[in-house]
Amino acid sequence: MAQTEKKAGLLRRTSSSKKPLKEKVVLMYDEIFAKEDPTKNNPRFWDELFLMKVNLEYLEGKLESLDGDEVMKIKDNINSLFHHCVQALGEEHQIKVVNALQTLCALFRGVHQKNKSATGFDIINMLMGFDKAELRMKELMESLDSLLCGDGSESLKSLCLKLLLCLVTVTDNISQNTILEYVMINSIFEAILQILSDVSSRAQHGYDAVVLLALLVNYRKYESVNPYIVKLSIVDDEPTLDGMGMVIHHALTEYNRQYKDKEEENQGGFFSTLTSMVGSMFIADADEKLSVQTNEAILLALYEAVHLNRNFITVLAQSHPEIDMATTPATPVPASPTTPLSTTPPSLDMMNNPELPLDPNLQTSNLLITFLKYSSIVMQDTKDEHRLNSARLCLIILTCIAEDQYADAFLHDDNMNFRVNLHRMPMRHRKKAADKNIPSRPLVCAVLDLMVEFIITHMMKEFPMDLYVRCIQIIHKLICYQKKCRVRMHYTWRELWSALINLLKFLLSNETILLAKHNIFQLALQVVNLFNMFITYGDTFLPTPSSYDELYYEIIRMHQVFDNLYCMVLRVSTNAGQWKEPASKVTHALVNVRAIINHFNPKIESYAAVNHISQLSEDQVLEVVRSNYDTLTLKLQDGLDQFERYSEQPREAGFFKELVRSISLNVRKNVSLSTMSQDVLLKEFSSIS
């Protein structure tokens, strides 16, 4: 110890020199980067190193600056540093454990930055040596598991999760990160579950645990058996699944709250005045201002839970009071890094108190409602790539939900009514609906409202074809359930029919532009077949006979759109070209719609002529419809109530690979150990000798 003081004193005497002085830990790093064994002149080198405050920036920078040959010359010293880091994780001295964890992070990041083009095996050799890699990673994962599951410091647990997130995201494509093979073999799945099932640890670490699990599930998921997928799919422990749902719920709630705050900010003042003065000119700017950073990592976690684990569906439906998070005092998490807007876990008070006193006047909520609200926000603007990905993932999650029997039963349960305030895009021709006017209804109504809202607000030049197809598929799956179980929903079906007809009108008006990019006949066929579902099976699920009459009224009223569609698909199907076959399918699908139009139109004209009425009212048209059903002949069409079940592979594989890459880059950027306050950590453990 005296020797250290002497050296420090010498350094102080030369402080007037222009050459910058190096701190002790940097001098020790330099010894590691020399070819000699650092313990040759100082047998206590490693003990002393882990008592020093880590200089992450210098250590990472030094690794990155070396060329390939230089790195190989000091490989033994790097291997030794890695080995001693792992050994230090078992020390009783907590400062050593903290410094070892941070040093490991710098090693993982530094070596990967240096060898971005190198194979994973080179990196393994560089860090651990091929012959020792299996043993070293086994020791590392066992130590991390012990720290995460033990009764130790919450700060240390947080640091362990940060290290694991750092390790998982060091490569842009996590499936190319060969070190993760050892994380597959030495699973920390049970440790993650323990964090999620415990109220206290979930509050502190649930967010990182859920994101880590979502990323690990996506490691080589299409190439080999991933144990995290297998284990997640069979979890049936209620507290664990509830815990996972709670973490996701609160992250989405936080996003919704931030958006609502921004929305309220923009509703007053100069900006609002300008908007009302000049109409829609500033609507695009409003959307821009209301933009809150999306959270694809949490969405991915929700998707994996819903897609892989059938037991998780019950978590979506669990009711609890809706909390105004803005009024909930936030408790800071010790030593947690600063992360961007909407990526931080919400306040600990909420996470710690899932069982809040029920107020009879308080609106109840659940994860599904929060998710629908979140979806209604991110689906408003799909021009930005992240928001487009979020919207697509929201629709994929809803697709999985819509074809799950238990979820459908809950969605359609007439005894479970909720008031769901979905966000609606600002549009000139409609007023913003007041929250108090929203009726309390089964949740399927909110899902259908969300789909209708998307349909009517995205008919634009940059047409999101993929999202429209998914939207129509979700509606179709819900109607198939209603037909199968004879569930009569009291829903304003006319809004849906109107939206679908306007969509067909848009496809017709923009045929040339859209056909250059999309197979619009696929979408047109889906829309027409939805009408066929209502025509053929409407009597089994429409709420009243008058609803069925209104369907016919809408088809007859908007007959020009269907006539124009028929002319267009007939023209395309009779010409040789790439769209011949899909267009001819639409031609055949229109047979019953055209039969209705051709049957009732002459009778309506005749009624008008006989009664000398120039324009019939809706009631008069409905009277003609009701009195002429008997003579209408329709063809029975097969397969209308059949659908292809969702399958991630191969159709969605490309999307998820890119999504996980984007999430990985974001997590790497945000979950940086260098932002973690070392002073706080060192202060916490300074009393421990």
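I looked up the second largest pocket and found 35 lining residues, with Val469, Gln473, Gln522, Gln526 and Glu644 nearest its centre. The model is predicted: local features need pLDDT of at least 70, side-chain atom pairs count only at pLDDT 80 or more, and totals for chains, interfaces and linings use all residues. Residues are numbered from 1 along each chain as its sequence is written, and side-chain values use heavy atoms, without hydrogens and water.

Terms for the pocket: on a 1 Å grid over the protein atoms alone, a pocket is an open set of points where a 1.4 Å probe fits, with protein on both sides within 12 Å along at least five of seven lines; lining residues have an atom within 4 Å of a point.

I noted which elements give two or more residues to this lining: helix 22 (385–402), helix 25 (465–485), helix 28 (520–541) and helix 31 (580–589). Helices are DSSP runs (H or I, at least four residues), numbered from the N terminus. Helix 25 gives the largest share, 8 residues. I recorded the volume of the second largest pocket as about 930 Å³.

Next I looked up helix 26 (residues 493–509) against helix 30 (residues 559–573): they pack at about 40°, axes 10 Å apart.

I then listed the contact (heavy atoms within 4.5 Å). Ile501, Leu504, Lys505 and Leu508 of helix 26 meet Val561, Phe562, Asn564, Leu565 and Met568 of helix 30.

Technical notes
Points joined across faces, edges and corners; volume = space filled by probe spheres on them. Axes fitted to C-alpha atoms, helices over the stretch in contact; angles between N-to-C directions.
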